[in-house]
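Me: I want to learn how to read contacts and helix packing in a model. Can you take me through some cases?

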Amino acid sequence: MNNKIYLVGSMGSGKSSIGRLLAKELNIPHYDLDKTIESSEKMSISKIFEIHDESYFRKLESAALEEYSKYKKFVISTGGGCILDENNQKILKSGLVIYLKINLDAQYERIKNRSHRPLLNNNNIRETLKILDTSRGEMYEDISNIKVDVSNLDKEHVLSSIMNELKSN
């Protein structure tokens with residue numbers, strides 16, 4: 001089994017929580033890129049977007065991905081936009097990529113009341129989610145080795161689905 005596992009998907013798909021559970025199940029380290037960036041920058045992702053901009057954040061994200069990808073085994077929870085960078089895509093392809101797919105309705109229900117999503121700082125969250133999915137969905141599909149639709153599953157069932165896929169790969 002590939003011990004370099006990357007979780008990709010839209011915001012609210014569960015990359016952070018599933019990453020923690022999967023790493024625990026496999027007994028390997030988990031790195032959440034957003035959390036590592038917040039820790040190193042000593043501020044939230046929203047604050048980074050506010051003080052700097054998205055481009056600055058994406059550079060930090062790429063640097064974190066490159067750094068943690070050098071380890072021998074891990075589960076890395078990426079940010080939703082991590083796949084936008086071509087070099088990041090190359091790094092992701094060096095491991096096993098699991099796409100946590102979520103439909104728009106389920107995604108909206110999960111994130112509608114969260115204030116820490118800088119790309120959703122507008123009045124039409126649902127429309128923004130749709131635009132992001134249109135621009136990124138195909139990229140997630142293309143880069144992934146395993147796809148799990150998490151829309152109607154709880155965390156335990158998502159983890160079980162992933163473990164079954166890993167055993168059959």
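Reply: Start with contact: it means heavy atoms within 4.5 Å. This is a predicted model, where local features need pLDDT of at least 70, side-chain atom pairs count only at pLDDT 80 or more, and totals for chains, interfaces and linings use all residues. Residues are numbered from 1 along each chain as its sequence is written, and side-chain values use heavy atoms, with hydrogens and water left out.

Me: Leaving aside neighbours within four places in sequence, which residues is Tyr 99 in contact with?

Reply: They are Val 8, Gly 9, Gly 137, Tyr 140, Glu 141, Ser 144, Ile 146, Lys 147 and Val 148. Tyr 99 sits in strand 4; strands are DSSP runs of E, at least two residues, and helices runs of H or I, at least four, numbered from the N terminus.

Me: Is Tyr 99 buried or exposed?

Reply: Buried means under 20% relative accessible area, exposed over 50%, partly exposed in between (1.4 Å probe, protein chains only). Tyr 99 has 2%, so it is buried.

Me: How are two packed helices described?

Reply: By the angle between their axes and the distance between the axes. Axes are lines fitted to C-alpha atoms, for helices over the stretch in contact; angles run from 0 to 180 degrees between N-to-C directions. Here, the axes of helix 4 (residues 54-68) and helix 5 (residues 86-93) come within 10 Å and cross at roughly 25 degrees. Ser 62, Leu 65 and Glu 66 of helix 4 meet Asn 87, Asn 88, Ile 91 and Leu 92 of helix 5.

Me: Which residues of helix 5 are buried?

Reply: Asn 88, Gln 89, Ile 91 and Leu 92. On the other side, Glu 86, Lys 90 and Lys 93 are exposed.
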